Amino acid sequence: MIIFGASGDLTKRKLMPALYTLYKDNRLPDNFVVLGVGRTGYRDDTYRTYIRVELERFVAPEEYGDEYMTGFCNRLHYLSLDPADAADYGKLDVRLRELTGQQEPDGMLYYLATPPSLYGVIPLHLKAARLNRPHTRIIVEKPFGYDLESARELNRIYASVFEEHQIYRIDHFLGKETAQNILAFRFANGIFEPLWNRNYIDYVEITAVENLGIEQRGGFYEGTGALRDMVQNHLIQLVALTAMEPPAVFNADNFRNEVVKVYESLSPLTEEDLNEHIVRGQYTASATKPGYREEKNVAPDSRTETYIAMKIGIDNWRWSGVPFYIRTGKQMPTKVTEIVVHFRETPHQMFRCEDGRCPRANRLILRLQPNEGIVLKFGMKVPGPGFDVRQVMMDFSYSGLGGLPAGDAYARLIEDCIQGDQTLFTRSDAVDASWRFFNPVLKYWQEHPDAPLYGYPVGTWGPLESEAMMRGHGVEWTNPCKNLTNTDEYCEL
């Protein structure tokens, strides 16, 4: 495995801990080695020392073991080169021959943990050095393009260097056990699938918010924003998992075919939609925390969104008329990723309201993080005289099964790539279909620099205008309480 950007933040925080987990669990091939590539002038021994120190920070204490750590670090090598300089790839060829003992090394796994500006450069240099051999694979991080045109250009470049089965566009959201269990929950249980359509579901909420700011990444975030960073990839994939049809056979091709069908069924956004069904915001300072415009490497008059809420529709038989409300934001009151499915009200409400509290429609909550689990809310009679119906919860928590596996999403996805399983990786036509849907939003913002950008104070649930968008459907956002537990009642507005 050759990691471009081997001295960067992603490598030390995510990739090396994931590889260590795979090594410790004996899930790597016997002759597997890692070659780190980057501009920093490490030698093999100094790089191993650097990674070992970082692993002590980012590997869970219960997973750490001196013997395992030594064995893993002995598999690490390093080559100092400039990934943007085509002439340096001759050195990479020589080093790969040394490590593999092959005159024409093959079976490599390239990982691009670099700035996105190098995503289109590195493959072309690999091709020029004849390092794009038939059994080699390449993993590329998001964002895959900044808009439709750049994504298509990247797809064109990769198609000129590799076959599609060699390309692994990674999104760690799909590596999460909880994301994959959406499919198991839907398709392994006969009681929910008959209800999973417009006849029984009123609307769906998908929320992925954080209680942190941009964390010293002002330079990156200024050119990205919430839509590119979260919505175009993470949130729309959760929409696909929620809305997709069951594949005829569960394999990579059939699964990804159904994902593309969802993307191609998204209702095109009109100019009216861009004004009424999209709310973007930017966090402002509180008494103790800076606003976005006060962050390092952020322009004092920045128009970059740190929050976005959207109402989208899906034009097919299953979902026509059912709105999907999606939102993401920085500096929210808590960190949570969840899907809330709101079922329709009963046709006739026969039970009276007590103290203004009426029986509510059933809700199904799929919480991906934290306190991972599933909650079903339904009405039950309160013991005593009369028929006072209150909402109660039936919940499942992963903690009840001993918690989630120790390995994180990156470990799962890297292992899938080693085994040649592309199920949880994005295909080129899915990238294109997703960008076709979101590109009008970016184009509209570019052509209308005065388009509304609403401020919201740090620690709040975003601009009030996003609540107004929901009230058009006669509903409110489901806001989890600040300190989440599996049995929390949800905080009402």
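**Aromatic pairs and cavities in a predicted model**

Let me begin with the rings: a search of the whole structure finds 21 aromatic pairs, where rings of Phe, Tyr and Trp (its six-membered ring) pair if their centres lie within 6.5 Å, and planes under 30 degrees apart count as stacked, over 60 as edge-to-face and the rest as tilted. One of these is formed by tyrosine 42 and tyrosine 78, an edge-to-face pair at 5.3 Å centre to centre with 85° between the planes. Tyrosine 42 lies in the loop between β2 (34-38) and α2 (44-58), and tyrosine 78 in strand β3 (residues 76-80), so the pair ties together parts that are 36 residues apart in sequence; helices (H or I, at least four residues) and strands (E, at least two) are DSSP runs, numbered from the N terminus.

Residues are numbered from 1 along each chain as its sequence is written, and side-chain values use heavy atoms, with hydrogens and water left out.

Are the two tyrosines of that pair buried or exposed? Buried means under 20% relative accessible area, exposed over 50%, and partly exposed in between (1.4 Å probe, protein chains only); tyrosine 42, at 23%, counts as partly exposed, whereas tyrosine 78, at 3%, counts as buried.

Tyrosine 168 and phenylalanine 425 also form an edge-to-face pair, with 4.9 Å centre to centre and 85° between the planes. Here tyrosine 168 lies in strand β6 (residues 167-169) and phenylalanine 425 in the loop between α12 (409-419) and α13 (428-447), so this pair ties together parts that are 257 residues apart in sequence. Tyrosine 168 is buried, at a relative accessible area of 1%, and phenylalanine 425 is buried with a value of 1%. Elsewhere, ring pairs link Tyr221, Tyr283, Tyr292, Tyr307 and Tyr456 into a cluster.

Rings also meet charges, a charge being over a ring if NZ of Lys or CZ of Arg is within 6 Å of the ring centre and within 35 degrees of the ring normal. The charged end of arginine 169 sits over the ring of phenylalanine 144, 5.0 Å from its centre, and that of lysine 24 sits over the ring of tyrosine 68, 5.3 Å from its centre.

A search of the whole structure finds five cavities of 30 Å³ or more; on a 1 Å grid over the protein atoms alone, a cavity is a set of points where a 1.4 Å probe fits but cannot get out, and lining residues have an atom within 4 Å of a point. The largest cavity has a volume of about 170 Å³, volume being the space filled by probe spheres set on the points. Of the 18 residues that line the largest cavity, Phe144, Asn233, Gln237, Thr426 and Val431 are the closest to its centre, and α9 (225-243) and α13 each supply at least two residues of that lining.

The second largest cavity holds about 110 Å³ of space. Of its 15 lining residues, the closest to the centre are Leu174, Val259, Phe425, Thr426 and Ala430. Which helix gives the most to the lining of this second largest cavity? That is α10, with five residues, while α9, α10 (252-265) and α13 each supply at least two.

Technical notes:
Predicted model: local features only at pLDDT ≥ 70, side-chain atom pairs only at ≥ 80, totals over all residues. 1 Å grid on protein atoms, 1.4 Å probe; cavity = no way out; pocket = protein on both sides within 12 Å on 5 of 7 lines; lining within 4 Å.
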